[in-house]
Amino acid sequence: MAASIVDLRDSAAVVTGGTRGIGRAIAERLALAGARVTAVFRSETRAATELSEWAAAAGLQVRVEQADVSRSEDVEAVFDRHLAAYGTCDILVNNAAVLKDALAPMMKLEDWDRLLAVNLTGPFLCSRRAIRAMIRQRRGRIVNVISPSALSGRIGQAAYSASKGGLLSLTKTLAIEVGRFGILVNAIAPGVVRTEMLKDVPEDVLAKLRSNVPMERFGQPGEIADAVLFLVGPDSGYITGQLLCIDGGISLMGAAETR
Ligand SMILES: NC(=O)c1ccc[n+]([C@@H]2O[C@H](COP(=O)([O-])OP(=O)(O)OC[C@H]3O[C@@H](n4cnc5c(N)ncnc54)[C@H](OP(=O)(O)O)[C@@H]3O)[C@@H](O)[C@H]2O)c1
């Protein structure tokens, strides 16, 4: 991967779900730009080890932290250790999420609760903690990862769409609350990117999804990470409360096959 032209050497970042999939690409991009990165993961220790080894080989500063973002005590501990290691928290990327499809009438309450806890309460807990540090610093960038399905809805994704729609609303509210402290809060909506999150989606459904993308291909994790780099870098200093779709145009296709 080429060196970045965005210089984040004065920044420290927390990326949730930062050890695999889209989050890993984001953690790598930020580290390559010079940021000191804490990547939070839930259970896949092998992915965390791989990221640590990659960073060590590249001479970059990346810490990995095992935590459940839906648990307040976990989140507090992650930020305590991040601040102890790196001194500041300038960037937060709320990327961690889970997906479990079921038609709403059949959805178990425990599945609904879990999706909302990880995908919406998690970003709230992380943002609340990060903002306390950012207010002291009088600067900060928060990027929340939502989904086109938050905009159009999708069959089988009542909980996922609701969690991501809630996260978009949280983005806008936080942007209003903290703008005066120099803290910018934005959201991105990746299109379909083939990660572990889609491992249970049948090939015929994926093919249908692909055919519904105006650009006729899926996205790459690095293409999502490039947008995050823009939103946390110096060229987006007057953008807050906005949603950037990096989706090959799929969000233009209404309530059809979007994830
Ligand atoms: N892939 C897509 O097509 C797509 C489309 C639109 C939006 N998105 C969004 O993009 C983001 C990244 O998706 P992805 O496809 O890269 O997902 P992924 O490959 O499934 O990775 C999810 C990451 O989140 C972490 N995570 C899950 N639950 C957690 C918890 N409770 N606490 C802490 N970390 C937790 C996982 O940790 P472990 O590795 O330890 O499990 C993993 O690192 C998500 O917000 C997703 O909704 C994805």
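**Around the ligand and inside the protein**

Let's start at the ligand, where a polar side-chain atom of K164 lies 2.8 Å from one of the ligand's oxygen atoms. Keep in mind as you look around that this is a predicted model. How much of the ligand does the protein cover up? On its own the ligand would expose 910 Å², and the protein buries 97% of that.

The side chain of R20 puts an N or O atom 2.5 Å from a ligand oxygen.

The ligand sits in the largest pocket, and the elements giving two or more residues to the shell around it are α1 (21-32), α4 (109-137) and α6 (158-178). There are 31 residues around the ligand, and those that come nearest are R20, S43, N95, Y160 and T195. Sort the shell by class and you get 16 nonpolar, eight polar and seven charged residues.

Rolling a probe the size of a water molecule over the atoms shows where empty space is left. Searching the whole structure turns up one cavity of 30 Å³ or more. The largest cavity has a volume of about 40 Å³.

Which helix gives the most to the lining of this largest cavity? That's α3 (residues 72-86), with four residues.

Technical notes. Residues numbered from 1 in each chain as written. Predicted model: local features only at pLDDT ≥ 70, side-chain atom pairs only at ≥ 80, totals over all residues. Heavy atoms only, no water. 1 Å grid on protein atoms, 1.4 Å probe; cavity = no way out; pocket = protein on both sides within 12 Å on 5 of 7 lines; lining within 4 Å. Points joined across faces, edges and corners; volume = space filled by probe spheres on them. Near = heavy atom within 4 Å. Polar contact = N/O pair within 3.5 Å; in protein donor to acceptor, adjacent residues only side chain to side chain. Areas by Shrake-Rupley, 256 points an atom, 1.4 Å probe, with all protein chains shown as cover. Sits in = over half its atoms within 2 Å of the grid points. Nonpolar A, V, L, I, M, F, W, Y, C, P; charged D, E, K, R; others polar.
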